[in-house]
Every structure is written in C-alpha cells, then in structure tokens.
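Welcome! Please take a look at the model below, and then read on for a short tour.

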Amino acid sequence: MKYRKNVYQSFTMITQFGINMIVPILMCTMFGVYIGKKYDMLFIVVPLFIIGALAGFRNCYKMAKKIFEQESGRDTKNVKKTK
C-alpha cells in the first residue's frame, strides 16, 4: 500500500511540474499573439514566449526547492540526537 501511495505522489508531482511550465508559457504566448494582432507587431510573441518559459522554469525551481527542503527536514527529524 505504501508503494502505491509513493507512485501517486510521484505522478502528482510530475503533473504539477508540467502545469507549472505550460501555464505561464501559454498565457504569455496568447497575450503576445493578442498584442501582436492588435498593434500589428507579431514579433512580440517571441520575447513573451521566452518570458513565459523563464517564469515556468522559476516556478519549477521553487517547487523543487520546497520539496527538497521538506524531504531533508524529514531526514533530520528521523536522526536521533546524541550528546
């Protein structure tokens, strides 16, 4: 049963990483297309796509850092302190 729980947690984490990457990229790209069509500047899509990708990477980094800190916190709690 514990194995199944770990599999679901891993699947959830991978899904969160994907969502954290795709949402900013799509939002910035769609915003770039909208602005590009409205003001006849289609080149604006490329910089906004790059900004979205950077935002997605930042989101994934922050999430991975948070998960890593939680995992290392569990490891230190399990170690018995001796004096």
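Predicted model: local features only at pLDDT ≥ 70, side-chain atom pairs only at ≥ 80, totals over all residues.

Residues are numbered from 1 along each chain as its sequence is written, and side-chain values use heavy atoms, with hydrogens and water left out.

**The whole chain**

Let's begin with the overall picture. The chain holds two helices and zero strands; helices (H or I, at least four residues) and strands (E, at least two) are DSSP runs, numbered from the N terminus. Of its 83 residues, 17% count as buried, where buried means under 20% relative accessible area, exposed over 50% and partly exposed in between, with a 1.4 Å probe and protein chains only. Among contacts with a separation of 6 or more, 65% join residues 24 or more positions apart; a contact means heavy atoms within 4.5 Å. The chain exposes about 7,400 Å², and carbon and sulfur atoms supply 68% of that area, computed by the Shrake-Rupley method with a 1.4 Å probe.

Helix H1 has 38 residues. Its spans are set out here; the expected one is 1.5 Å times one less than the number of residues.

| Span of H1 | Value |
|---|---|
| First C-alpha to last C-alpha | 56 Å |
| Expected at 1.5 Å a residue | 56 Å |

Buried residues of H1 include Met-21, Pro-24, Ile-25 and Cys-28. After H1 comes Asp-40, with a positive phi near 55 degrees.

Phe-17 also has its place in H1. Phe-17 counts as partly exposed because its relative accessibility is 23%. Beyond its neighbours within four places in sequence, Phe-17 is in contact with Cys-60, Met-63 and Ala-64. The C-alpha atoms of Phe-17 and Gly-56 are separated by 8.8 Å, although these residues are 39 apart along the chain.

**The largest pocket**

Which residues line the largest pocket? They are Gln-9, Met-13, Gln-16, Ile-67, Gln-70, Glu-71 and Arg-74. Helices H1 (2–39) and H2 (45–78) each give two or more residues to this lining, and H2 gives the most, with four. The pocket has a volume of about 220 Å³.

A pocket is an open set of points on a 1 Å grid over the protein atoms alone, where a 1.4 Å probe fits, with protein on both sides within 12 Å along at least five of seven lines; lining residues have an atom within 4 Å of a point. The volume is the space filled by probe spheres set on the points.
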